[in-house]
Amino acid sequence: MSEPTAAGSLHPIRTETTTFHVSSVGPVEVTVRDRDRTRSFLLLHGGGGPATMTGFADLLAERTRSRVLVPTHPGFSGTPKNSALAGVSDLAKAYIAMLDTLDLSDVTVVGNSFGGWLAAEIALQGSPRVSGGVIINGIGIEVDDHPVADVSGLTHAELEARTFHDPRRAPTPSNTGGTAQGPDIPALLGYTGPTMSDPTLAKRLTGIHLPFHVLWGESDRLVTPQYGRAYAAAIPMATFTPLPRTGHMPQVETPEELLGTLLDLAVG
């Protein structure tokens, strides 16, 4: 594994709320944490919300001297959502509009879980501003015999056992009455639908013609590594890399190891 890139002094982290106009949707308000550097990464969180990405974003910015943007998907964490944002493709269009407004280029899109699906949809938009992507334990496709686990009715302890290689590394849960249903689940389902998948996605992934890496925590019991291999196989230029001793959210459970893998793969 590569040695970490020497850290430089971080520029101040800015949190800005900006409204972008998206064709067929209208105005979309997005709150973005922006660590301003030269190279650009767009980090896309999953159903756990932006807090599952912010720590890794700090690490990535410090070690790679990169500009790292972490948007809060509209509707998550109490943020407003344009009702015309009806699905994942609409949200992908919003982020392409954001990249256009910010005039960014050579952007690497990195997404975990739902964010991995979103990263794929962004790549399918064909924007010249995006140069590649990373899917980390993504969801969205349908794989025979390897469905995404149904978490309805699970307690937090049961969910953590499925999510983490070592549940002691799980963040402190919010108060959800002892079930696994966090406050952002309605926002997530507003984009994904109740099945959290799109039966057309696997076939459409053949339209991605960018370098992509599919990384997968081997201990993920929500979305298995076999599912991840199918994800990588559907993308023409994708590679698949298993991540040992970590689960569904490597950026939370083993951030240093995830970063080392990204550096080894020369991502970005």
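Leaving aside neighbours within four places in sequence, E121 is in contact (heavy atoms within 4.5 Å) with V88, S89, A92, D198, L201 and R204. E121 belongs to helix α3, residues 114-124; helices (H or I, at least four residues) and strands (E, at least two) are DSSP runs numbered from the N terminus. With a relative accessibility of 3%, E121 counts as buried. Buried means under 20% relative accessible area, exposed over 50%, and partly exposed in between, computed with a 1.4 Å probe on protein chains only.

## Basis of the model

This is a predicted model, in which local features need pLDDT of at least 70 and side-chain atom pairs count only at pLDDT 80 or more, whereas totals for chains, interfaces and linings use all residues. Residues are numbered from 1 along each chain as its sequence is written, and side-chain values use heavy atoms, with hydrogens and water left out.

## Nonpolar cores

A nonpolar core is a set of buried Ala, Val, Leu, Ile, Met, Phe, Trp, Tyr and Cys residues joined through side-chain atoms within 4.5 Å. The largest one has 58 residues, and L42, Y95, M98, I122, L205 and Y231 have the most contacts inside it. Helix α2 gives the most to this core, with nine residues.

M98 touches F20, V30, V32, L42 and L69, not counting residues up to four places away in sequence. A second, separate core comprises 19 residues, including F41, L59, V110 and L258.

## Positive phi in two loops

Most residues other than glycine have a negative phi. D103, which is not a glycine, has a positive phi of about 55°. D103 lies in the loop between α2 (88-102) and β5 (107-112) and is exposed, at 57% relative accessible area.

R245 also has a positive phi, near 60°. Its loop runs between β8 (238-243) and α8 (250-253), and R245 is exposed at 58% relative accessibility.

## The second largest pocket

R245 is also among the residues nearest the centre of the second largest pocket, together with P244, T246, T254 and E257; the lining has 14 residues. The volume of this pocket is about 180 Å³. A pocket is an open set of points on a 1 Å grid over the protein atoms alone, where a 1.4 Å probe fits, with protein on both sides within 12 Å along at least five of seven lines; lining residues have an atom within 4 Å of a point. Grid points are joined across faces, edges and corners, and the volume is the space filled by probe spheres set on them.

β8 and α9 (255-264) each supply at least two lining residues, and α9 provides the largest share, three residues.
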